[in-house]
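This report concerns the pockets of one protein model and the packing of a pair of its helices. The sequence and structure are shown first.

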Amino acid sequence: MRSVWMDCDSGFDDALALMVLAAAPQIELVGISTVVGNTSLDNTTANTLAVAEFCGLDTPIYRGAAKPLAQEPQTIERLLGAGAMGTLGRCFPTAARTAESVDAIHALTATLGAAAPRSITILATGPLTNIAVVLLLHPELVDALDSVVWMGGSTTSGNHTAAAEFNAYADPEALDTVLRSGVALRMVGLNLTRQVLITGDHELQLRAIGTERAAIVADHVGFYLRMSDATTPRPAALHDPAAAAFLLWPDLFDLAPARVDVELARTVSRGATVCEFRVPRKADPNALVATTVDGEKVMTCVMAEIRAHLT
């Protein structure tokens, strides 16, 4: 069994990523931390609590950073809808429980400090602020990490700007810190997630289940598919669940060693991830970067895990 800490800025696709992991027998979720990103910290925490309760998870949830390391928050509710959980009608019920009293930085530090070497995997589906703070304060804790699997960056174009993917743009200084920490980083970027498409057929599959729980998830999926056209569902990249899928079905993914650097200058290229694959000839590698995936197979597996929660 793999011990996984999830760090997220829930949002819709973080919610689906959590659903993918929640019932997986090969995964032990040892902690979940929230961070400002898609929406405010209050919203990301409330959303994460709601989805965890919906899935029957009792994993402790900790509030993390409310601001990036060196800039103001960059949230995208204007795209993802109110609280970054846009819906055609139904919503995940508000959770009865609350976040833990200890904050995410102290909780993750304690977990890593008590762990055996290379025994914890972090799945990060938002900006890397929490992880960067822990590694800045306690650089020795990198030894407890097997890897950080991060949904973020891109080997090609961005989405938040022409150059930058949102999670990288939202806290590029945090990404730079993690890249320099010596951690084994697995980057699942836009070039990969754009190969994993959720479609109107998947929405219809959810609605065909016929339960209220399935209708809740279908209404969130339906909003996501209609972000660019309110009248017509259009296939969309399923970002964060692709990174979760890598933990469960790594054989479906191809990764290549690369030197990854992030642009920190406050110009039009801020947050861009520059990936040098000519290693070690041109540079020493500091990450494995996901390049190709069997997207159709991943979607089949993801939908099976989500359906398990909806009867």
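The model is a predicted one.

**Pockets**

| Pocket | Volume | Lining residues | Nearest the centre |
|---|---|---|---|
| Largest | about 380 Å³ | 20 residues | I76, L79, L80, N159 and H239 |

The largest pocket is lined by 20 residues. Two or more of the lining residues come from each of α1 (12–22), α3 (77–80), α6 (166–170) and α11 (239–248). The greatest contribution is that of α3, with 3 residues. By class, this lining comprises 8 nonpolar, 6 polar and 6 charged residues.

In the second largest pocket, helix α2 (residues 41–54) contributes the most to the lining, with 5 residues. The residues lining this pocket are 9 nonpolar, 5 polar and 1 charged.

**Helix pair**

Two packed helices are described by the angle between their axes and the distance between the axes. For helix α9 (residues 200–209) and helix α10 (residues 212–225), the axes come within 8 Å and cross at roughly 165°. Because angles over 145 degrees count as roughly antiparallel, α9 and α10 are roughly antiparallel to each other. The crossing of α9 past α10 is left-handed. On the α9 side, the contact is made by G200, E203, L206, R207 and I209. The α10 side supplies A214, A215, V217, A218, D219, V221, G222 and L225. Taken by class, the contact of α9 with α10 has 8 nonpolar, 2 polar and 3 charged residues.

Key: Residues numbered from 1 in each chain as written. Predicted model: local features only at pLDDT ≥ 70, side-chain atom pairs only at ≥ 80, totals over all residues. Heavy atoms only, no water. 1 Å grid on protein atoms, 1.4 Å probe; cavity = no way out; pocket = protein on both sides within 12 Å on 5 of 7 lines; lining within 4 Å. Points joined across faces, edges and corners; volume = space filled by probe spheres on them. Helix = DSSP H or I, 4+ residues; strand = E, 2+ residues; numbered from the N terminus. Nonpolar A, V, L, I, M, F, W, Y, C, P; charged D, E, K, R; others polar. Axes fitted to C-alpha atoms, helices over the stretch in contact; angles between N-to-C directions. Parallel < 35°, antiparallel > 145°, perpendicular 65-115°, else oblique. Left-handed = near helix turned anticlockwise from the far one by under 90°. Contact = heavy atoms within 4.5 Å.
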